[in-house]
Amino acid sequence: MFGSDAGLKTALSDWDSEMGSTERLKDSTDTLLNGNRGDQEGAQRLARRLYHLEGFRRSDVAKHLGKNNDFSKMVAEEYLTFFEFTGMTLDQSLRSFLKAFALIGETQERERVLIHFSNRYYQCNPTVISSQDGAHCLTCALMLLNTDLHGHNIGKKMTCQEFINNLEGLNGGQDFPRELLKALHNSIKNDKLEWAIDGDELKKSLSELADNKDNKSITRISSGSNPFLDIAHDPNAAVYKTGFLARKIHADMDGKKTPRGKRGWKTFYAVLKGMILYLQKDEYKAEKALSEEDLKNAISVHHALSIKAVDYEKKPNVLKLKTADWRVFLFQAQSPEEMDSWIRVVNSVAAMFSAPSFPAAIGSQKKFSRPLLPATTTRMSQEEQLKSHEAKLKHVSTELAEHRSYPPDKKVKAKEIDEYRLKEHYLEFEENRYEMYVKLLREGVKELLIGKDGDAGLKKSQSSPSLNQEGQPAAAKVKRNTSERRPETPPKVT
């Protein structure tokens, strides 16, 4: 719940200003101040109005369902009771749900809405999918599959077999029923999901956002792009490590070598907060807001791998960080111990919190593209996360062995040889990454993050880096992981 009456009034003011109509929620202040009894009645009243669009537009609904506070959760649960999914397939239910409103807003807000949907679907169909997490995993997979099959990305579309392979081991460490996945793939392939809002309504919403002077409360609009690749700055995330680091940018997105003029060393005060490594000019102060430059320099460590830069000999204590979108950074620490500590903590956060890489359009040998790596935080426990990483390691290792057993003929075109080497390089990196993740999780990541670097702890949840569950992520956009791009083979570190 909210920490003070002042904070509560501010939150209520935000709710009222976002209503999207001249009619305000009657007695909303009294409802919340009276505690849980009033909360439930207020939530039921608001949910009913949102469902019937009484005083609201379709573009207003999601922001009232996806906020990270108790009242919004109650509203979402009440709203979902208007949907009866019993006997419906997951894709049918999702289509019905997305037609009722526009799925827009912060990445984390959109995911919360889909979590409420998944819980309701499981409640209506407890025998179809084995768990709520399984229902949520498949829901996200369908959204990503829809983007792959019907988006503007160029290249080979994901086959049914690839869809099945990429969901291997993601049902609580087990596989989903093959026939279920085949049916879902065929449904999305033949009839794409629609969650965009009407053009006029989108323009109106964008216009209203442009007029909003409070940048921290601006909601980003998504009208068909992948809703799980944007990364929101979360001011309430746990701080896992801080310290001075010198940075050198070695490779840009997709492994393209950074132009010579942009490769110089710069010193920053580094703060690993949640899954984001912030690089600031000044020493970290919790109460100080991040600048535009701080956000521009920030690096997401989801699905990243950090190792000692053994092939870089110009400076001591240098580590190499490779990100999900295949950017490469060199960081010089102040001592060998600090270098080892940064490597361990960055990899531990990535192993613990990176959401499963589903689904992925790996493509054919002739046209390779990397899989999608969602920037959202995993919902798995540490034990489930370990099983998922072990399954991915086994899958990648098998695929690498098969790939190497069929090298290209020397007579083929140079382009095909390059594609072969690119895929081999990707699989080698993924094998190393998952080997590291599995090793760390077996050793006990929580103990590593709490016991040895002592400036942060995992509280409240094993599967979320956020300490303050009621906090609202700011709308600042850090980086976008467009990992469907076709990468170049990263250059050697020099």
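**Rings and cores: a quick tour**

Okay, let's start with the rings: Y51, Y79, F82, F83, F85, F97, F101, F117 and Y121 are linked into a cluster by ring pairs. A pair here means Phe, Tyr or Trp rings (for Trp, the six-membered one) with centres within 6.5 Å; planes under 30 degrees apart are stacked, over 60 edge-to-face, and the rest tilted. Keep in mind that this is a predicted model, where local features need pLDDT of at least 70 and side-chain atom pairs 80 or more, while totals for chains, interfaces and linings use all residues. Numbering runs from 1 along each chain as its sequence is written, and side-chain values use heavy atoms, without hydrogens and water.

There are 18 aromatic pairs in the structure. Take Y79 and F83: they're tilted, 5.5 Å centre to centre with 55° between the planes. Both are buried, meaning under 20% relative accessible area with a 1.4 Å probe, protein chains only (exposed is over 50%, partly exposed in between).

Next, F97 and F117 are stacked, at 5.1 Å and 25°. F97 sits in helix α6 and F117 in helix α7, 20 residues apart. Helices are DSSP runs of H or I, at least four residues, numbered from the N terminus.

Now, which residues touch the most other members of the largest nonpolar core? Y79, F97 and L167, out of 48 residues. Helix α8 gives the most to this core, 8 residues. A nonpolar core is a set of buried Ala, Val, Leu, Ile, Met, Phe, Trp, Tyr and Cys residues joined through side-chain atoms within 4.5 Å. A second, separate core has 44 residues, including F329 and M339.

Technical notes:
Helices (H or I, at least four residues) and strands (E, at least two) are DSSP runs, numbered from the N terminus.
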